[in-house]
Amino acid sequence: EDGPDKFDLIIIGGGITGAAVAYIAAARSLSVALFEKNDYGGATSAATSKLIHGGLRYLANGELGLVRESLRERRILGNIAPNFVYPLPFLMPMYKRWRGNIWKMLIGMYLYDALSYDKKDTWDKGKKLENHRLVSHRKTVRLEPNLKKEDLRNAFYFFDYQSIFPERLTLAFIKSAADYGARVSNYTAVEGFLFAEKGKINGVRVRDYFSDRSREVHADLVVNCGGTWADKILELAAGNDQKMHKVKRSEGIHIITRKIAGNHVVSLQKNDGGHMMIMPWRDHSLIGTTDKEFLGDPDDYHVSGESIEEIISGVNTHFGKSITRDDIVHAYGGLRPLVDDQTKGSYQTSRKYEVYDNTVDGLEGMITVEGGKYTTSRSLAREVLKLISRKLERTLSDSVSDNLYLSGCEIRDMKQFMIRQHLNYKDFTYNTVEYISRNYGTESKVVFQIARDDRRYAEVVSHDGEILAEVVYAIRFESAKTLKDIMLRRTGTGTLGNPGPEITEKIASLAAEMLGWDKVRKESEIASLMKVYQLY
């Protein structure tokens, strides 16, 4: 939209990192503009394991600082986004011929508990996490009957958090930034940079994807949160004759199948020392992840067949229940940016992050953020704020982001909240109230009101009770512009695989009606969504 054309800060990239930086900076009353070339949280931020976790595996690399930071952030996200983030039990079976030593594992578990010493210090008492325990062979088999039994000794039982809808959690950061006055805009690509005297960057030229209009926006500082695309943005700023350092990218995919395990995350040790996890999610099993170096253009990324095969064979080798391609209802993936001075197989590569002042590359007026993982995005944003503070020569500190609920998440006690929701919305099914209350938090009342005002929006369009009112809400209040935005990122109607022609048509017709699409545009929106499901 046409807004002011001068800001303190321009942020490029609306994934979780850009969203968190925008929120923290806007809360410090900086004027902020954020531009995302596709949809918010649509790339790497959507390709997670849906966990908010301390990163047990970083202990093996001796990265105690990263684990402590992750565990602190895990607690904070559980506090500030209570409707999205919940305790989840993990079961890690131990086998006789297990690679790596049980003592190492035991020490690791005690360390993990010690480093999360504040995990009971939660705002909502229902979010307290217990310490780990060792579970006997008999109980292990009772908890997860589908484990491979041969050589099974016992198992570690411990807790982390699950994030039920990471795309909406990313959106909550975007909304929180907007609540503090940030101007945010999706489908707006940065096409070029503006320079002041002495070659200092002082703005960007952006183009709106749908209207094809471009405009110039100025700022004192540009923050490159392009993630997987960070090097492309640097090259655009430097002019293509200059080769900037490359972002290493690794592919991580997940598959979703009918439920093959119980209500724990089953964490299985693979022969190469890596882990694979079978996680419960919306009555299905979510299985992943892979870690393969990706060398192509990130814009051409799609889920690779070999990664799917890798997961299938991992399950069939290490778990007691085997799966085939036909069991897969959906697969999704993305590219993680890895800080490039660490090599040696991307799984071992640290998920630490770096914040660079690009003055060293001859680009004054720009900061680049690299690496990072979903769980630590808030603390990464705080590091960015420190550098912004130095560059703008203003004293800025973050005093809100660990003390205030995110937008729509202002719920002190989830259990009480859910009891009230079920009492207030008896005219909806149990599943609908559960799903909408959790995924929309305090904003759920608007979604329910849309359905009450016009009963045709109360129609249920997914197995867990989603309704058409969410589609209306997504378009009216959440800047959803495409069918993929609506079905993959604002609602869960498309995230458990192809919902079938009937539901797709219903949602597409409603979107066409509200967004003014003609028949051609509507058909191309459906085709574009269907491409997501053409895996092989």
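**Figure 1. The largest nonpolar core of the predicted model.** This core comprises 123 residues, and Phe173 and Ile388 have the most contacts inside it. Helix 1, which covers residues 16-27, gives the most to this core, contributing 10 residues. In soluble globular proteins, nonpolar side chains tend to be buried together.

**Figure 2. The surroundings of Ile388 in the core.** When residues up to four places away in sequence are not counted, Ile388 touches Leu9, Val21, Leu30, Leu221, Val223, Ile367 and Leu396.

**Figure 3. A second, separate core.** This core has 25 residues. Among them are Phe90, Phe158, Trp281 and Leu496.

**Figure 4. Helix 6, a mostly covered helix.** Helix 6 spans residues 166-179 and consists of 14 residues. From the first C-alpha to the last, helix 6 reaches 20 Å, close to the 20 Å expected at 1.5 Å a residue. Of its 14 residues, 12 are buried. The buried residues include Pro166, Glu167, Arg168, Leu169, Thr170 and Leu171. Ala172, Phe173, Ile174, Lys175, Ser176 and Ala177 of helix 6 are buried as well. Gly181 follows helix 6 and has a positive phi, near 100 degrees.

**Figure 5. Arg68, a buried residue of helix 3.** Arg68 lies in helix 3, which runs over residues 64-80. Because its relative accessibility is 18%, Arg68 counts as buried, the cut-off being under 20%. Apart from its neighbours within four places in sequence, Arg68 is in contact with Leu115, Ser116, Tyr117 and Asp118.

Key. Residues numbered from 1 in each chain as written. Predicted model: local features only at pLDDT ≥ 70, side-chain atom pairs only at ≥ 80, totals over all residues. Heavy atoms only, no water. Helix = DSSP H or I, 4+ residues; strand = E, 2+ residues; numbered from the N terminus. Buried < 20%, exposed > 50% of the residue type's maximum accessible area, 1.4 Å probe, protein only. Contact = heavy atoms within 4.5 Å. Expected span 1.5 Å × (residues − 1). Core = buried A, V, L, I, M, F, W, Y, C linked by side-chain atoms within 4.5 Å.
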